[in-house]
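Please open the structure in the viewer and keep the selection panel at hand.

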Amino acid sequence: PKDAFAYGYYAIYLYKLKRYEQALQMFDKGLEIQPNSSELLYNKGLTLVRMERWEEATTVARAAYARGHKLPGLRAMLARKGIKLAEGAAPKKSTAT
C-alpha cells in the first residue's frame with residue numbers, strides 16, 4: 001500500500017494479537033511513507049513498551065509528543081517505569097525510589 005495508515009491499522013491488528021515484532025515492522029513501513037506521523041510513532045512506542053524495549057520506546061515517545069500527539073497513555077506507561085519525558089529535555093530515568 002501507498003497509504004501509511006493502512007500499515008498502521010494492520011500493525012494495530014498485529015499488536016492486539018500480541019505479535020509485537022510484526023507490528024513494529026508494519027509501523028516502520030508506515031513511517032517510511034509518513035515519517036512525521038505522531039499517531040504511527042505513538043503506537044510504535046506502545047508496542048516497544050509491551051516488548052520492554054524502554055530506550056527505544058522513550059526515543060519514539062519523545063518524537064511522537066514533539067510532533068504534537070495528545071494522548072497521555074504512552075507517557076504514563078513510561079512514567080510507571082520511572083522514565084520522565086520533559087519538553088525540550090532529554091528523557092531520563094528517575095532516581096527516586
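Select helices α1 and α3 in this predicted model: their crossing is left-handed. The residues that form this contact comprise six nonpolar, three polar and two charged. Helix α1 covers residues 4-16 and helix α3 covers residues 38-50; the two pack at an angle of about 25°, and their axes are 11 Å apart. Angles under 35 degrees count as roughly parallel, and α1 and α3 are therefore roughly parallel to each other. To display the contact itself, show the side chains of Ala4, Phe5, Gly8, Ile12 and Tyr15 on the α1 side, which meet Glu39, Leu40, Asn43, Leu46, Thr47 and Arg50 on the α3 side.

Remain on helix α3 and select Lys44, which lies in this helix. Is Lys44 buried or exposed? Its relative accessibility is 16%, so Lys44 counts as buried. Beyond its neighbours within four places in sequence, Lys44 is in contact with Leu24, Phe27, Asp28, Leu31 and Val60.

From Lys44, move to Ala57: the two are 13 residues apart in sequence, and their C-alpha atoms are 7.8 Å apart in space. Ala57 is part of helix α4. With 0% relative accessibility, Ala57 counts as buried.

Next, select helix α4 (residues 54-66) together with helix α5 (residues 73-80). These helices pack at an angle of about 145°, with 10 Å between their axes. The crossing of α4 and α5 is left-handed. Which residues meet here? Trp54, Ala57, Thr58, Ala61 and Tyr65 of α4 meet Gly73, Leu74, Arg75 and Leu78 of α5. By class, the residues of this contact divide into six nonpolar, two polar and one charged.

Within helix α5, select Met77. A relative accessibility of 15% is the reason why Met77 counts as buried. Leaving aside neighbours within four places in sequence, Met77 is in contact with Leu46, Val49 and Arg50.

Now select Leu78. Apart from residues up to four places away in sequence, Leu78 touches Val49, Trp54, Ala57, Thr58, Ala61, Ile83 and Leu85. Leu78 and Leu74 are the residues with the most contacts inside the largest nonpolar core, which has 28 residues. Two or more residues of this core come from each of α1, α2 (20-33), α3, α4 and α5. In soluble globular proteins, nonpolar side chains tend to be buried together.

Finally, clear the selection and view the whole chain. The secondary structure comprises five helices and two strands, in the order α-α-α-α-α-β-β from the N terminus on. Of the 97 residues, 40% count as buried. Among contacts between residues at least 6 apart in sequence, 47% join residues at least 24 apart.

How values were computed
Residues are numbered from 1 along each chain as its sequence is written. This is a predicted model: local features need pLDDT of at least 70, side-chain atom pairs count only at pLDDT 80 or more; totals for chains, interfaces and linings use all residues. Side-chain values use heavy atoms; hydrogens and water are left out. Axes are lines fitted to C-alpha atoms, for helices over the stretch in contact, and angles run from 0 to 180 degrees between N-to-C directions. Helices (H or I, at least four residues) and strands (E, at least two) are DSSP runs, numbered from the N terminus. Angles under 35 degrees count as roughly parallel, over 145 as roughly antiparallel, 65 to 115 as roughly perpendicular and the rest as oblique. A crossing is left-handed if the near helix is turned anticlockwise from the far one by less than a right angle, and right-handed if clockwise. Contact means heavy atoms within 4.5 Å. Ala, Val, Leu, Ile, Met, Phe, Trp, Tyr, Cys and Pro count as nonpolar, Asp, Glu, Lys and Arg as charged, and the others, Gly among them, as polar. A nonpolar core is a set of buried Ala, Val, Leu, Ile, Met, Phe, Trp, Tyr and Cys residues joined through side-chain atoms within 4.5 Å. Buried means under 20% relative accessible area, exposed over 50%, partly exposed in between (1.4 Å probe, protein chains only).
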